[in-house]
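This report describes a single protein chain, from its overall fold to selected residues. The sequence and structure are shown first.

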Amino acid sequence: MENEEKEIIADEDREIEITRDDGTAVRLKILFTFRNEERAKDYYFLYENEDDDSLFCLSTSDGVTFEYLSDEEEDEAEQVLEAYNEDPMISEIREGE
């Protein structure tokens with residue numbers, strides 16, 4: 001990830017329903033999202049309700065179809081997640097909950 005700025009939007013109170021390839025639907029919580037303008041994609045960090053350990057990231061370019069990340073995207077997402085977890089403002093918000 002170069003020195004490009006990323007806008008991170010915390011969405012802990014929001015949920016999204018995703019339909020899997022097999023037709024089953026799962027409701028997931030959105031931890032936060034970020035956008036990569038270069039790829040014209042949004043990235044969603046999602047987890048199952050009450051299970052923070054289930055955290056994963058999917059991308060979308062149209063807001064409807066979600067895709068698994070490429071290796072490059074996965075590396076970037078890990079860096080963004082690390083920055084999110086280390087952000088002092090976000091830590092303050094978590095401690096206040």
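## Overall composition

Of the 97 residues in the protein, 33% are buried (under 20% relative accessible area; exposed means over 50%, and partly exposed lies in between, with a 1.4 Å probe and protein chains only). This is a predicted model, in which local features need pLDDT of at least 70 and side-chain atom pairs count only at pLDDT 80 or more, while totals for chains, interfaces and linings use all residues. Residues are numbered from 1 along each chain as its sequence is written, and side-chain values use heavy atoms, with hydrogens and water left out.

The protein contains two helices and six strands, taken as DSSP runs numbered from the N terminus (helices H or I, at least four residues; strands E, at least two). Along the sequence these elements follow the pattern β-β-β-β-β-β-α-α.

## Nonpolar cores

In soluble globular proteins, nonpolar side chains tend to be buried together. Here the largest nonpolar core has 13 residues, and Leu31, Phe32, Phe34, Phe45, Cys57, Leu81 and Tyr84 have the most contacts inside it. Such a core is a set of buried Ala, Val, Leu, Ile, Met, Phe, Trp, Tyr and Cys residues joined through side-chain atoms within 4.5 Å. Two or more residues come from each of β3 (25-36), β4 (41-48) and α1; α1 gives the most, with four residues.

Apart from this core lies another, of eight residues, including Ile16, Ile18, Ile30 and Leu46.

## Charged surface patch

A patch of negative charge on the surface gathers Asp71, Glu74, Asp75, Glu78, Glu82 and Glu86. Glu86 belongs to helix α1 (residues 71-86) and counts as exposed because its relative accessibility is 57%.

## Individual residues

Thr60 lies in strand β5 (residues 51-60) and is buried, because its relative accessible area is 1%. Thr60 and Tyr44 are 16 residues apart in sequence, and their C-alpha atoms are 8.2 Å apart in space.

Most residues other than glycine have a negative phi. Ala40, although not a glycine, has a positive phi of about 55°. Ala40 is placed in the loop between β3 and β4 and, with a relative accessible area of 34%, is partly exposed.

Methods: Patches are made of residues with over 30% relative accessible area and no salt bridge: like charges are joined within 9 Å, nonpolar side chains (Val, Leu, Ile, Met, Phe, Trp, Tyr) within 5 Å. Accessible areas come from the Shrake-Rupley method with a 1.4 Å probe; for residues, only the protein chains shown count as cover. A salt bridge is a side-chain nitrogen of Lys or Arg within 4 Å of a carboxyl oxygen of Asp or Glu. Lys and Arg count as positive and Asp and Glu as negative; His and the chain ends are not counted. The place of a charge is taken as NZ of Lys, CZ of Arg, CG of Asp or CD of Glu.
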